[in-house]
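Here is a structure to look through with a few questions. Take a look at it first.

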Amino acid sequence: MKLPIIFSVDDDPGVLKALARDLKSKYYKEYRIFSTPSVIEALATLLELKNMGETVALFISDQRMPEMDGVDFLTSTIDYYPDARRILLTAYADTDAAVKAINLASVDYYFVKPWDPAREKLYPLLDDLLEDWKGNYQPSFSGIKVIGAQYSPQACAVKSFLTSYLVPFLYLDSEDEEAKQLLTLNNLGPRDLPVLIYEDGFVAAAPTLLEMAAKIGLHPAPQWEVYDVVIIGAGPAGLAAAVYGASEGLKTLMIEAKTPGGQAGASSRIENYLGFPAGLSGYDLTRRALTQARRFGAEMLSPCKVRGITVKDGYKLLTLDDGATVTARSVVVTTGVEYRQLDTPGIAELRCAGVYYGASSSEASSHSGKPVYIVGGGNSAGQSAMYLSKYAEKVHIIIRKPDLSSTMSTYLTEQIRNVDNIVIIPNAEVKSARGVRRLESLVIEYSDTGVSETVEAAALYIFIGARPYTDWLDNVVIKDEKGFIETGPTLVRRRDFTKFWKEKREPYLLETSCPGIFAAGDVHAGAMARVASAVGEGALSINLAHKYLAH
Ligand SMILES: Cc1cc2nc3c(=O)[nH]c(=O)nc-3n(C[C@H](O)[C@H](O)[C@H](O)COP(=O)(O)OP(=O)(O)OC[C@H]3O[C@@H](n4cnc5c(N)ncnc54)[C@H](O)[C@@H]3O)c2cc1C
């Protein structure tokens with residue numbers, strides 16, 4: 001933790017030096033001593049310090065200075081640090097002004113120069129003021145601060161991004177006092193939200209994800225001209241491929257369009273992953289896997305989307321969304337699936353303003369004590385209900401079927417049954433979502449009675465199945481009618497196999513119709529759609545890429 005600051009200003013270099021020396025010799029263990037001869041510089045530094053989350057305990061300022069007098073300076077420090085203590089340093093002739101300042105401005109004390117001996121004339125006074133200040137002192141957060149408006153989709157995107165990249169941050173609602181103060185000091189208003197204030201004091205108004213990524217050290221340029229293996233997607237399959245690829249000495253690059261973890265990253269508790277009898281959260285799994293991949297030397301580009309692949313002389317040229325290209329000798333596609341959209345009136349308009357696709361753990365606490373709805377009856381909906389039930393007043397799961405038996409694992413239905421504030425609404429559908437700035441209510445229709453009703457809703461989480469992220473692979477690999485990538489034996493069974501497959505060997509188990517391009521995890525046809533199978537296939541894909549590269 002950084003020490004609080006004693007900040008002194010005096011345009012006379014001799015006095016400033018003597019003051020800094022006396023302050024340091026007594027207070028250096030508990031405080032940092034900052035001093036400057038310029039009030040203008042002092043005010044500029046104060047803004048930086050405030051943005052960096054630093055704390056000033058005490059200001060000491062000379063009264064007679066050319067740029068601004070001491071009383072005015074000390075008064076302006078109140079905007080930055082209202083709780084700090086303030087002392088005016090005066091010549092004997094200015095004692096009247098000093099007394100007035102104590103009465104009218106927020107000056108706690110004055111002392112007359114010179115103050116020798118310090119142990120008699122200076123330290124007792126400062127000790128007293130600093131002890132008093134310490135009584136209310138709470139260290140402020142010095143990491144990234146995010147200021148956003150509640151239910152703003154942009155603020156929601158920023159929070160999810162930082163959460164997924166394991167970056168700690170403090171979220172301040174724009175109506176909070178501290179947020180208002182920071183916005184005013186930085187001359188920012190509602191139109192600039194969300195605002196990010198980084199640890200080094202840099203302030204960014206409504207930054208793009210790419211700008212944020214650059215600032216927190218993500219998305220560096222690729223190091224190599226040609227990689228042995230490029231992995232597209234950093235879900236469980238991609239992360240496993242990165243760990244195995246890099247640990248086996250391959251030049252490995254992983255490219256992720258959004259945030260690492262994929263669907264699993266959104267899971268509040270994965271209970272069926274081997275070796276974790278108490279379950280683990282998707283966040284934890286991602287954090288561990290990402291650390292492991294980096295430790296073995298896997299590179300990562302993110303957020304960065306792969307737009308297409310062309311093949312030339314066996315090399316795979318990947319086009320990225322910023323127009324850059326990356327060359328690889330082999331590719332593993334682990335782009336998984338994305339949620340289907342619910343095509344119901346009001347849903348699109350309220351997305352991220354109460355309506356969410358998949359789990360959004362960064363928003364859960366804002367629904368405390370309020371009614372929350374979930375659409376979908378699969379395992380992901382069940383897990384989300386369990387997680388949200390810790391915050392919400394009640395979690396309602398809306399399903400079209402009469403019960404969950406055919407869609408959700410038995411262990412989850414058992415858990416849900418034992419939670420008092422989760423209720424199942426069977427034979428039902430959401431007909432519309434309503435709200436002005438955020439979701440306020442839902443219209444639900446019951447198929448067995450034909451009746452519909454309007455219910456109050458703080459949030460709606462949608463889990464209605466998924467489709468593969470493979471549009472960008474048109475004409476590169478063969479896909480099934482739903483867009484999942486066909487691999488290995490499935491390809492061999494195709495009637496047109498000899499038309500597209502020209503190698504002397506058969507395709508390897510996870511190899512696509514394009515030699516040297518592999519598909520692992522949920523994106524390939526017939527996938528088991530589980531974390532364990534995605535991880536296993538990610539590892540296997542590297543073994544197969546090795547075989548391919550060896551020939
Ligand atoms: C809420 C929830 C809970 C779940 N709980 C469990 C559970 O308890 N147990 C279990 O076994 N399974 C669970 N699953 C299923 C499991 O998470 C998935 O089977 C698994 O994540 C699939 O991993 P994947 O790597 O194949 O794909 P994904 O996890 O879908 O990851 C794909 C990644 O590729 C990225 N990407 C896509 N296109 C591109 C592109 N063009 N360029 C770059 N990157 C791209 C995506 O952004 C994404 O990060 C759950 C799923 C959800 C949604």
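Predicted model: local features only at pLDDT ≥ 70, side-chain atom pairs only at ≥ 80, totals over all residues.

Me: How are helix 14 and helix 15 oriented to each other?
Reply: Helices (H or I, at least four residues) and strands (E, at least two) are DSSP runs, numbered from the N terminus. Axes are lines fitted to C-alpha atoms, for helices over the stretch in contact, and angles run from 0 to 180 degrees between N-to-C directions. The axes of helix 14 (residues 379-388) and helix 15 (residues 410-417) come within 10 Å and cross at roughly 30°. Angles under 35 degrees count as roughly parallel, over 145 as roughly antiparallel, 65 to 115 as roughly perpendicular and the rest as oblique, so helix 14 and helix 15 are roughly parallel.

Me: Which residues make the contact of helix 14 with helix 15?
Reply: Helix 14 passes helix 15 in a left-handed crossing; a crossing is left-handed if the near helix is turned anticlockwise from the far one by less than a right angle, and right-handed if clockwise. Contact means heavy atoms within 4.5 Å. The contact is made by Asn379, Gly382, Gln383 and Met386 of helix 14 and, from helix 15, Tyr411, Leu412, Gln415 and Ile416.

Me: How do the residues of the contact of helix 14 with helix 15 divide?
Reply: Ala, Val, Leu, Ile, Met, Phe, Trp, Tyr, Cys and Pro count as nonpolar, Asp, Glu, Lys and Arg as charged, and the others, Gly among them, as polar. The contact of helix 14 with helix 15 divides into four nonpolar, four polar and no charged.

Me: How are helix 1 and helix 6 oriented to each other?
Reply: The axes of helix 1 (residues 13-27) and helix 6 come within 12 Å. They cross at roughly 60°. Helix 1 and helix 6 are therefore oblique.

Me: How do the residues of the contact of helix 1 with helix 6 divide?
Reply: Helix 1 passes helix 6 in a right-handed crossing. Asp22, Leu23, Ser25, Lys26 and Tyr27 of helix 1 meet Tyr123, Leu126, Asp127 and Leu130 of helix 6. These residues divide into five nonpolar, one polar and three charged.

Me: What joins the side chains of aspartate 132 and arginine 85?
Reply: Aspartate 132 is in helix 6 (residues 123-134). Aspartate 132 and arginine 85 are 47 residues apart in sequence and 8.8 Å apart in space, C-alpha to C-alpha. A polar contact is a pair of N or O atoms within 3.5 Å; within protein, one must be able to donate a hydrogen and the other to accept it, and residues adjacent in sequence count only if both atoms are side-chain atoms. The two side chains are joined by a polar contact of 3.2 Å.

Me: Is asparagine 51 buried or exposed?
Reply: Asparagine 51 sits in helix 2 (residues 39-51). Not counting residues up to four places away in sequence, asparagine 51 touches Lys145, Leu182, Asn186, Ile197, Tyr198, Gly201 and Val203. Buried means under 20% relative accessible area, exposed over 50%, partly exposed in between (1.4 Å probe, protein chains only). Asparagine 51 has a relative accessible area of 3%, so it is buried.

Me: Where is proline 117?
Reply: A cis peptide bond joins aspartate 116 and proline 117, with omega about -15°. Proline 117 is in the loop between strand 5 (109-112) and helix 5 (118-121).

Me: Is asparagine 475 buried or exposed?
Reply: Asparagine 475 has a positive phi of about 65° although it is not a glycine. Asparagine 475 lies in the loop between strand 25 (466-468) and helix 16 (488-492). Its relative accessible area is 82%, so asparagine 475 is exposed.

Terms used:
Residues numbered from 1 in each chain as written. Heavy atoms only, no water.
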